[in-house]
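Here is a walk through one protein model, taken piece by piece. Have the structure open beside the text as you read.

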Amino acid sequence: MTTFPALHRLLAAAALVAGATTAQAATITIACGASAPEIEHCWKHAEAWARKTGHTVRNYTQPASATAALAVYRQLFAAKSSDIDIIRVDVIWPGILKDHLLDLKPYSLGQEAEHFPALVANSTIGGRLLGMPWYTDTGLLYYRADLLAKYKRPAPTTWAELAATAAIVQAGERAAGQKDFQGFVFQAKSGESLTCNAVEWIASFGGGRLVDERGDITINNPQAVRALATAAQWVGSISSVGVLNYAEEDARGVFQNGQALFMRNWPYAWSLLESPDSVVRGKVGVSPLPKGDGPGARHAGTLGGWQLAVSKYSKHPEVAADLVMHMASAAVQKDRAIRGSFNPTRPALYKDPQVVAANSFMASLLGTFEDSVARPSGEAGLKYPSVSLALSNAAHDVLGRKATPEAAVRKLEGQLKLVRRERW
Ligand code: GLC
C-alpha cells in the first residue's frame, strides 16, 4: 500500500503555493481495520480525501482481535502518543477510552443527527461526542441454502432445530466424501468474539445480559446455564473441537470453502461470501440467530460495530476530524455497504435501492439490527474488559469441558462481584 504517493505531495505543495489550502498539509494516520478487505474498503476513501484536501494519509493496521486492539490503544494513550490520529473504536469502548478521545461536536456540525440515535448515544459521554458512528454490526446466521434444499430442511429458528439439521447434513456430506464438513462454525476462541457469541446464547434463552440496567449481576440463572450447556453440546458433534480456536475469519474461511452448513458471523462476511472467487457464491442465505427455549426465549444478536474517533494526542485534531466526517458521510457509508456489506449507521441508507440490492438482508433484517443485545459495557464502564474476560473464560471452560455450566456461572458471578466491588 502506497502511503506517500509522490504525486500527492506535489499536488499538496502546489495547492499550498496557490493558496488553495489554508491549513498546512498534515499527515494523518488512521486505523482502517484489521483484515485486508476491511483496509481496502477504508483506504480508498481515505486516499480520495487526501487527494481532495492535499493532506497525506497513513494506514495503521489494527490487531485482528478486538481484545488485542484495545490493549494497543490503551498503551498508546498511556504514553500520550500522537502516532495514531484516528482510532477505530468498538461500540463497547467509549466508556473505557473516554478520557483520551476528542469531543467531535465542534467539527460534526450536527451531522450525528443523521445516524441511529442509539449509536450516537453510545458514543456520547458527559455531553461529549467521542466518535462518529461508522458501521453497525449484529450477529447473524449464515446458511447454505443449496444444502438445506438438498436435505429438504427449513432454515432453523431454534438452536434445537439448528443442531438437528446440522447433524443430518454433516453426516450426509461426510458420507459423500467431505470428511471435514462441519454442521456449525462460530467463534469460540477466548476473547471478545467469544464474549459476543456467549451473550447471544444466554440472551436467546432468556438468561439476561450478565448485568442488568441497574448494574445488578444476573448471570447465575438457570437459563444462562441451559444456554452454555446447549453450546457445549455442539463442540465435538456438529462443530469440530477446532472451533475453540476460531475467531471470525477462521469461521468464514471454513464456511467460504464450502466446509460448513451454518455459520455465525457479522454482516461483513456477506460481501466476501458473494465475491467472484467464493465457492459458496449464490448459495448462501442469512437469517436471525436461532432462539433458545424456556421463558424469555428470543432471537438475539449481539450489538457490535465501530466508530471513528480522534485521539486527544493527535497533532492535527482539526484535520483528523475532517477525515472522520468524510468517512462517516452518506456517500462513503453507501459505497462501503454496497462493496463491503458494512451496515450503515445512517437509517436513510437502509432504503437506498443500491444498498438493498447488494445486501437484501439489510432491509429484511432491519428489525434484527434494531433489537440487538448490548454487551454490558455501558453499565461496567472502565471495568468492562474484566467482565468480558471473565465471561469469555467461563464460556471457553464450559465448551472445552473443563467446567460444568452450573459451576462456570457460579464462579463467573463471584468474579463479577469482585470486579464490581461497591459499584461499577
Ligand atoms: C465485530 C464487532 C465488534 C466486536 C468484535 C468482536 O468487529 O463489530 O463490536 O467487539 O466483532 O470480535
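At what angle do helix α9 (residues 192–204) and α19 pack, and how far apart are their axes?

## Two helices that cross

The angle between α9 and α19 is about 75°, and their axes are 8 Å apart. The axes here are lines fitted to C-alpha atoms, for helices over the stretch in contact, with angles running from 0 to 180 degrees between N-to-C directions. That makes α9 roughly perpendicular to α19; the label covers 65 to 115 degrees, while angles under 35 count as roughly parallel, over 145 as roughly antiparallel and the rest as oblique. Helices and strands are DSSP runs numbered from the N terminus (helices H or I, at least four residues; strands E, at least two).

On the α9 side, the residues that meet α19 are Glu192, Leu194, Thr195, Ala198, Val199, Trp201 and Ile202. Their partners in α19 are Tyr384, Ser388, Leu391, Ser392, Ala395, His396 and Leu399. Contact means heavy atoms within 4.5 Å. Sorted by class, this contact has nine nonpolar, four polar and one charged residues. For that sorting, Ala, Val, Leu, Ile, Met, Phe, Trp, Tyr, Cys and Pro are nonpolar, Asp, Glu, Lys and Arg are charged, and the others, Gly among them, are polar.

## What you are looking at

This is a predicted model, where local features need pLDDT of at least 70 and side-chain atom pairs count only at pLDDT 80 or more, while totals for chains, interfaces and linings use all residues. Residues are numbered from 1 along each chain as its sequence is written, and side-chain values use heavy atoms, with hydrogens and water left out.

The protein splits into domain 1 (5–130 + 304–368) and domain 2 (140–302 + 373–420), with bounds that come from an automatic or database domain assignment. Their centres, taken over C-alpha atoms, are 29 Å apart. Across the boundary, 23 residues of domain 1 touch 21 residues of domain 2.

The largest nonpolar core has 132 residues, and Trp93, Tyr142, Trp201 and Leu399 have the most contacts inside it. Helix α19 (residues 384–399) is the top contributor, giving eight residues. A nonpolar core is a set of buried Ala, Val, Leu, Ile, Met, Phe, Trp, Tyr and Cys residues joined through side-chain atoms within 4.5 Å. Buried means under 20% relative accessible area, exposed over 50%, and partly exposed in between (1.4 Å probe, protein chains only).

## Buried spots worth a click

Gln187 sits in the loop between β8 (182–185) and α9, and it is buried, with a relative accessible area of 0%. Leaving aside neighbours within four places in sequence, Gln187 has contacts that include Ser193, Leu194 and Asn197, plus Tyr246, Ala247 and Glu248. In strand β8 you'll find Gly183, also buried at 0%. With the sequence neighbours set aside again, Gly183 touches Ala166, Gln170, Ile238, Leu261 and Phe262.

Ser287 belongs to strand β10 (residues 284–287) and counts as buried at 10% relative accessibility. Not counting residues up to four places away in sequence, Ser287 touches Leu140, Leu141, Tyr143 and Leu365. Over in helix α14 (residues 330–340), the buried residues are Val332, Gln333, Asp335, Arg336, Ala337 and Gly340. Their cover includes α2 (36–53), β6 (132–138), α12 (269–273), α13 (317–327), α15 (353–358) and α16 (360–364).

## Positive phi and the outside

You'll find Lys80 in the loop between α3 (66–78) and β3 (86–90), where it is exposed at 57% relative accessible area. Arg421 comes in the segment after α20 (405–420), with phi near 55°, and it counts as exposed at 61%.

Arg174, in helix α8 (residues 159–175), is partly exposed, with a relative accessible area of 31%. Beyond residues up to four places away in sequence, Arg174 touches Lys179, Asp180 and Phe181.
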